[in-house]
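Look through the sequence and the 3D structure that follow. The text after them treats a sheet and then a helix.

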Protein chains: 2
Amino acid sequence: MKGKIQPKTLPGFMELLPNEQILFNKMKETIQRTYEQYGFLPLDTPIIEDAKVLLAKAGGETEKQIYRFEKGENDLALRFDLTVPLAKYVTEYYDKLSFPFKRYQIGKVYRGEKPQRGRYREFYQCDVDIIGDGKLSIINDAEIPAIIYNTFKNLGFDEFTICINNRKILNGLFLSLKLENESSEILRIIDKIDKIGSEEVKKELINNIENEKVETIMQFISIDGNNNNKIKALEDMKIENEIFQEGLDELKQIIKFIRIFGVPEENFKIDLTIARGLDYYTGTVYETFLNKYRNLGSICSGGRYDNLAEYYTDRKMPGVGISIGLSRLFFQLIDNNIITAENQSISNVLIVSMTDNYDMCADIARNFRDENLNVQINIEEQKLGKKFKYADKLNVKYVIIIGEDEIKDNVITLKNMYTGEQQTIKLEDAIKIIKEN
Amino acid sequence: MKGKIQPKTLPGFMELLPNEQILFNKMKETIQRTYEQYGFLPLDTPIIEDAKVLLAKAGGETEKQIYRFEKGENDLALRFDLTVPLAKYVTEYYDKLSFPFKRYQIGKVYRGEKPQRGRYREFYQCDVDIIGDGKLSIINDAEIPAIIYNTFKNLGFDEFTICINNRKILNGLFLSLKLENESSEILRIIDKIDKIGSEEVKKELINNIENEKVETIMQFISIDGNNNNKIKALEDMKIENEIFQEGLDELKQIIKFIRIFGVPEENFKIDLTIARGLDYYTGTVYETFLNKYRNLGSICSGGRYDNLAEYYTDRKMPGVGISIGLSRLFFQLIDNNIITAENQSISNVLIVSMTDNYDMCADIARNFRDENLNVQINIEEQKLGKKFKYADKLNVKYVIIIGEDEIKDNVITLKNMYTGEQQTIKLEDAIKIIKEN
């Protein structure tokens with residue numbers, strides 16, 4: 001075998017350099033940690049499922065994007081989200097689960113989309129869902145924004161807004177206007193408001209609907225002010241429709257409990273223009289935006305659905321949940337210089353030996369690891385310059401140098417690679433310095 | 001759509017119940033944490049690769065087991081281990097990496113094996129490898145057992161043995177006996193010693209090889225005693241072969257440094273009968289056994305290889321590494337009652353409200369989460385009995401009950417679900433109790 005094969009990662013598949021991977025994993029672990037703090041149970045379903053099971057609910061665009069293949073006699077497919085596997089799971093293990101079933105799942109999903117910059121065919125979703133057995137308290141819909149808030153807070157963000165709406169308000173409005181059959185089309189037009197502005201939305205609506213009804217819709221989507229003002233304006237519209245009133249009641253409840261659950265007023269708002277797809281969500285819907293980067297689109301979305309597993313069971317299982325598309329979000333944050341992976345290092349310290357005697361190095365490493373610090377011993381036969389170049393490339397902040405003098409005097413030389421500062425001190429003092437940094 | 005689709009996870013695919021998943025994740029995180037403490041960088045390569053790239057090195061049994069399929073014009077395959085993707089990665093990003101490149105990867109791999117009890121088609125591998133550029137110090141081969149030792153120690157095991165051998169010793173021995181062409185066959189026979197015993201091994205060898213040479217081989221594989229005795233016995237064999245001597249020198253170095261790196265004498269031993277496959281490994285080899293469950297087979301294996309990426313590049317990249325097959329190991333540990341998932345809970349405490357007033361519940365939850373504890377608020381409208389049944393099913397140890405009296409007096413009622421003990425105390429005291437447990 002003479003010719004070498006060119007090793008190449010497929011287009012549309014994210015593969016990171018180590019410093020980026022460290023940062024990516026930190027974000028993933030922060031999300032996981034936050035989900036766990038709210039008591040969500042971990043789940044890890046297979047990536048490969050029976051195509052018949054996985055595609056029970058799919059259709060149209062999704063089905064075209066699916067990775068589907070045969071192996072032996074099996075018709076297989078790779079999961080394209082984490083919601084269908086959840087529906088499968090709660091149906092299959094119903095008897096062994098306790099409801100409300102709160103689970104998180106963080107894992108890769110697959111969609112054979114046309115590769116574009118920042119759009120991946122393999123990407124991480126980080127989901128939480130709360131599934132009820134028959135019913136599920138509306139207060140859960142208020143806990144979800146608290147989870148979104150704490151997740152992004154823990155990720156280091158301050159200026160973001162969780163936008164909340166309720167599909168029942170939209171549906172009730174359309175019913176009251178006898179526009180229920182046009183609702184998809186109207187929602188599609190309203191959805192463009194961020195891109196084309198309200199004047200253009202109005203023009204498009206007038207092409208389809210009677211003027212007077214357009215006025216009501218425009219009045220509705222232009223409702224402004226703080227959350228209390230919006231609720232008041234919705235009440236003042238005096239829409240005589242049960243579903244509208246139900247949605248409004250739910251929204252009022254949710255706003256009340258969001259406050260109780262500690263989400264600051266500046267981090268959430270009622271946004272009557274968001275609708276999130278057309279069929280799936282039946283009540284509350286969420287989208288989340290970075291205030292200064294609204295152009296990135298929603299970075300965390302979800303909502304309430306009446307019936308999670310209707311394709312698998314007659315049992316009614318309502319749920320509410322959200323998803324963070326982490327791979328895409330990570331790409332966007334790096335691409336817009338909102339975060340940087342430049343100084344990421346897995347090791348807290350690199351130990352460099354100037355002699356053949358590794359006893360002291362091993363002893364030091366053990367002491368650091370006992371303190372839950374990460375430490376690497378450089379054990380290659382290299383010149384000192386090369387060892388420091390290696391440390392540089394690893395972005396490691398501290399290097400410990402052990403030569404004959406250090407061994408004799410039972411001290412260590414600690415170099416801060418960021419400042420160049422170097423000092424010869426006792427091991428305990430070095431541990432203290434590194435733990436504090 | 002009237003008929004429901006039967007939701008069913010494919011055979012050979014591990015899917016755990018929440019309490020099992022909690023334990024599985026704890027083990028996975030312990031392994032990850034230990035790998036990081038040694039300064040290994042994280043890596044997360046795609047599960048789907050170009051089949052041509054992935055199968056460059058494969059053949060025979062592996063190729064038959066591979067999940068391979070087409071999507072559009074692409075010939076794709078799912079990774080069957082984490083080593084080939086590593087070879088791809090270090091070649092593709094060579095200029096951007098610093099060597100020795102120390103990486104860990106924990107992820108799912110796919111092999112379409114015949115489903116058997118405890119054998120999975122999708123399973124986790126947890127790998128560490130150290131890759132050199134041109135050369136790699138033998139001391140790395142001694143750090144690997146230290147990593148194995150600390151990993152299993154951190155997983156809660158004490159009685160395990162890391163078995164170490166060096167392929168050069170075996171190869172040198174065969175060369176000195178002019179049996180190099182029979183070496184695969186001989187190794188295959190020797191490998192069965194655990195199953196069939198040394199007498200049967202001897203009989204099989206005699207069928208193939210001259211008596212006198214069999215005597216030397218039997219003398220070799222029956223070398224016994226402690227590690228120092230074994231080294232002495234190998235020296236005493238006076239095998240005049242350069243490769244044998246090189247292997248012996250390496251083994252002596254490794255044993256010296258394993259001790260320096262702090263692996264206790266009872267947790268490692270030279271085992272001249274282990275060979276680990278035939279082509280891949282070129283020097284040190286490792287297998288790890290639970291002393292009381294040797295029948296489980298090796299729970300962590302690996303070794304030294306001269307040339308990681310020879311199918312992709314002319315650059316010589318020697319490496320040393322190990323792999324833990326976590327899915328299978330987890331199955332075996334549960335199946336043999338070595339570990340149990342029975343009492344696993346993600347939440348430290350469940351808060352149960354007896355009133356409609358959730359302010360205090362939310363406040364308590366926030367206090368717990370600030371202490372890095374996991375807490376769930378039960379917000380369903382259920383009778384108290386049902387709430388406690390829910391707590392029971394979650395295996396949660398502590399329940400906090402908030403009724404009108406608690407709100408009035410600003411205290412909480414804490415119930416230990418394991419002992420039934422119940423006390424009404426201040427929040428700070430409850431936090432203290434739960435943190436200590």
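**A sheet and a helix**

B:Phe69 has B:Leu76, a residue of β4(B), as its bridge partner. This is a predicted model, in which local features need pLDDT of at least 70 and side-chain atom pairs pLDDT 80 or more, while totals for chains, interfaces and linings use all residues. Residues are numbered from 1 along each chain as its sequence is written, chains are lettered from A and ligands numbered from 1 in the order in which they are written.

Strands of a sheet pair through backbone hydrogen bonds, either parallel or antiparallel. Here β3(B) and β4 (residues 74-78) of chain B run antiparallel and are joined by four bridges. Strands (E, at least two residues) and helices (H or I, at least four) are DSSP runs, numbered from the N terminus, and two strands pair if DSSP finds at least two bridges between them. In chain B, the order β2-β4-β3 makes an open, antiparallel sheet of three strands. β2 (48-50) and β3 (68-71) of chain B each have a single partner strand, so one side of each lacks a neighbour in the sheet.

Chain A has helix α13 (residues 359-370). Its 12 residues should span 16 Å at 1.5 Å a residue, and the end C-alpha atoms are 17 Å apart, which agrees; the expected span is 1.5 Å times one less than the number of residues. Buried residues of α13(A) include A:Cys361, A:Ile364 and A:Phe368, where buried means that 20 or more other C-beta atoms, placed from the backbone, lie within 10 Å of the residue's own. Just after α13(A), A:Asn372 has a positive phi of about 65°.

Terms used. Buried ≥ 20, exposed ≤ 12 C-beta atoms within 10 Å, placed from the backbone.
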